[in-house]
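Please look over the sequence and the model shown here. A walk through the chain follows, in running paragraphs.

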Amino acid sequence: TLDLPVRGDFGDLHADGRRLAGDLGILLEEKPSGAAFHYRGKEQLEEEVAIAVSKLAERHDVEFRRGAMVVEVRAPGPHKGDALRTMMGEAPFAGGT
């Protein structure tokens, strides 16, 4: 089994993220345990967004991840993808696709 931790309050992270997204003119997606910063259509901002969001992640002690036209910050530790991989390794799901 995988114990997923209870996430904390991300109000301050979301407030800082709204300011940052507004300054950069990009979309902020607030999530229960983090935030995603979408810059599709503004690809020229990729490095500026990545640097600014990585600094935000450091200030709030959260993980930083890059994706396709998005950078994300999230609480450290296991997440639903980890839980799904664990579940798929156990009966009756083990060996299935």
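**Reading the model**

At 64% relative accessibility, Asp-61 counts as exposed; buried means under 20% relative accessible area, exposed over 50%, and partly exposed in between, with a 1.4 Å probe and protein chains only. Asp-61 sits in the loop between α2 and β3. Its phi is positive, about 55°, although Asp-61 is not a glycine. Met-69 also has a positive phi, of about 60°, and is not a glycine. Met-69 is found in the loop between β3 and β4, and is partly exposed, with a relative accessible area of 27%.

This is a predicted model, in which local features need pLDDT of at least 70 and side-chain atom pairs count only at pLDDT 80 or more, while totals for chains, interfaces and linings use all residues. Residues are numbered from 1 along each chain as its sequence is written, and side-chain values use heavy atoms, with hydrogens and water left out.

The chain has three helices and four strands. Helices (H or I, at least four residues) and strands (E, at least two) are DSSP runs, numbered from the N terminus. Along the sequence they follow the pattern α-β-β-α-β-β-α. Of the 97 residues in the chain, 30% are buried. Contact means heavy atoms within 4.5 Å. Among the contacts with a separation of 6 or more, 45% are between residues 24 or more positions apart. The chain exposes about 6,300 Å², of which carbon and sulfur atoms supply 53%; accessible areas come from the Shrake-Rupley method with a 1.4 Å probe, and for residues only the protein chains shown count as cover.

Next come the strands. Strand β1 (residues 27–31) and strand β2 (residues 34–38) run antiparallel and are joined by five bridges; two strands pair if DSSP finds at least two bridges between them. A hairpin of two residues connects β1 to β2. Leu-28 stands opposite Phe-37 in β2. Leu-28 is also one of the contacts of His-14, which include Glu-30, Lys-31, Gly-34 and Ala-35 when neighbours within four places in sequence are left aside. His-14 belongs to helix α1 and is buried, with a relative accessible area of 12%.

What does the interior look like? In soluble globular proteins, nonpolar side chains tend to be buried together. A nonpolar core is a set of buried Ala, Val, Leu, Ile, Met, Phe, Trp, Tyr and Cys residues joined through side-chain atoms within 4.5 Å. The largest such core here has 20 residues, and those with the most contacts inside it are Leu-20, Ile-26, Phe-37, Val-49, Val-53, Val-71 and Val-73. The elements that give two or more residues to this core are α1 (11–24), β2, α2 (46–60) and β4 (70–74). Helix α2 gives the largest share, five residues. Not counting residues up to four places away in sequence, Val-73 touches several residues, including Leu-13, Phe-37, Val-53, Ala-57 and Val-62.

Charged pairs come next. Side chains of opposite charge can pair when their charged atoms come close. A salt bridge is a side-chain nitrogen of Lys or Arg within 4 Å of a carboxyl oxygen of Asp or Glu, and by this rule the count comes to six. One of them joins the side chains of Lys-31 and Glu-72 (3.0 Å, N to O). This pair links distant parts of the chain, Lys-31 in strand β1 and Glu-72 in strand β4, 41 residues apart. Lys-31 is partly exposed, at 26% relative accessibility.

Another salt bridge is formed by Glu-47 and Arg-66, with the closest N and O atoms 3.4 Å apart. Glu-47 lies in helix α2 and Arg-66 in strand β3 (residues 63–67), so the pair ties together parts that are 19 residues apart in sequence. Glu-47 is partly exposed, with a relative accessible area of 44%, and Arg-66 is partly exposed at 47%.

The side chains of Glu-63 and Arg-74 also meet in a salt bridge (3.1 Å, N to O). Glu-63 is in strand β3 and Arg-74 in strand β4, eleven residues apart. Glu-63 is partly exposed, at 28% relative accessibility, whereas Arg-74 is buried, at 17%. Salt bridges that share partners join Glu-46, Glu-47 and Arg-66 into one network.

The last stop is the segment after α3, where Pro-92 is found. The peptide bond from Ala-91 to Pro-92 is cis, with omega near 5°.
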